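Welcome! Have a look at the picture, then read on.

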Amino acid sequence: MKVLQSADHRFAVTRVIHPAGVRRHLAARKTEILVVGLPHTVDEEFLAHLRAWSRSVLVLAISAGRGDHQVARLFASGVHGYLDMEAGPEALFAALALIAEGRFFLSSHANGDLFGSDPEGPAPRPLAVPDELTEREIQVLRHVADGWTHKEISRRLGLSKATVDTYVQRIRGKLGLRNKAELIRAAVRYDIVGDIASAG
């Protein structure tokens, strides 16, 4: 509960209990970031709510520690960040700052049964990376999903920013993606997030 207490002390917080209340809140006032405390079990209906909210506002999901494949389903539904419930105020402020800049935040520490699946069972298999993506495009997509700006990616990979822009446009064209959120979801779907050190 540390992270929610931090929010109360530092931000203007409106508590909304039910999904219908969230819809009314978003319709009634300008909200930049929606912080969602997840229920113990997130079913397909709740994932549908997350998808709907993510289309109109930045969403930071908060819960007790969950497994990586479970958190991946959250990002596939469109959320922009995930933060462990026991994180301190510094992590909350970092998450909100990064999400507000259009970057992607992930803090995950433990396994669990968030989606009602057998915790002993295998994680869902990621989809195969499409053959039309080159190794360099995969590198660029991995960096984009990890929250790096195009300028930062250009420095890490030794490319010009214009070249990185071109790679991103090619990736979007090949995969039929419209925006950065869809790029991140694609990276999660194809399991090419993280491992930046070996990519550069």
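Start with helix H5 (residues 89–100), which lies across S1, S2, S3 and S4. Its direction runs at about 155 degrees to that of S2. Keep in mind that this is a predicted model.

**The sheet**

- The four strands form an open sheet in the order S1-S2-S3-S4, and their pairing is parallel.
- Which strands stand at the edges? They are S1 (33–37) and S4 (105–106); each has a single partner strand, so one side of each is left without a neighbour in the sheet.
- Strand S3 (residues 81–84) pairs with S4 in the parallel sense, over two bridges.
- Within this pairing, Gly81 has Phe105 of S4 as its bridge partner.

**Another helix on the sheet**

- Helix H3 (residues 44–54) also packs on the sheet, where it touches S1 and strand S2 (58–63).
- The direction of H3 makes about 170 degrees with that of S1.

**Where two helices cross**

- Helix H7 (residues 150–157) and helix H8 (residues 161–175) have axes that come within 8 Å and cross at roughly 110 degrees.
- Angles of 65 to 115 degrees count as roughly perpendicular, so H7 is roughly perpendicular to H8.
- On the H7 side, the contact is made by His150, Lys151, Ile153 and Ser154.
- On the H8 side, Lys161, Val164, Asp165 and Val168 take part.
- What classes of residue make up the contact of H7 with H8? It has three nonpolar, two polar and three charged residues.

Terms used
Residues are numbered from 1 along each chain as its sequence is written. This is a predicted model: local features need pLDDT of at least 70, side-chain atom pairs count only at pLDDT 80 or more; totals for chains, interfaces and linings use all residues. Side-chain values use heavy atoms; hydrogens and water are left out. Axes are lines fitted to C-alpha atoms, for helices over the stretch in contact, and angles run from 0 to 180 degrees between N-to-C directions. Angles under 35 degrees count as roughly parallel, over 145 as roughly antiparallel, 65 to 115 as roughly perpendicular and the rest as oblique. Contact means heavy atoms within 4.5 Å. Ala, Val, Leu, Ile, Met, Phe, Trp, Tyr, Cys and Pro count as nonpolar, Asp, Glu, Lys and Arg as charged, and the others, Gly among them, as polar. Two strands pair if DSSP finds at least two bridges between them.
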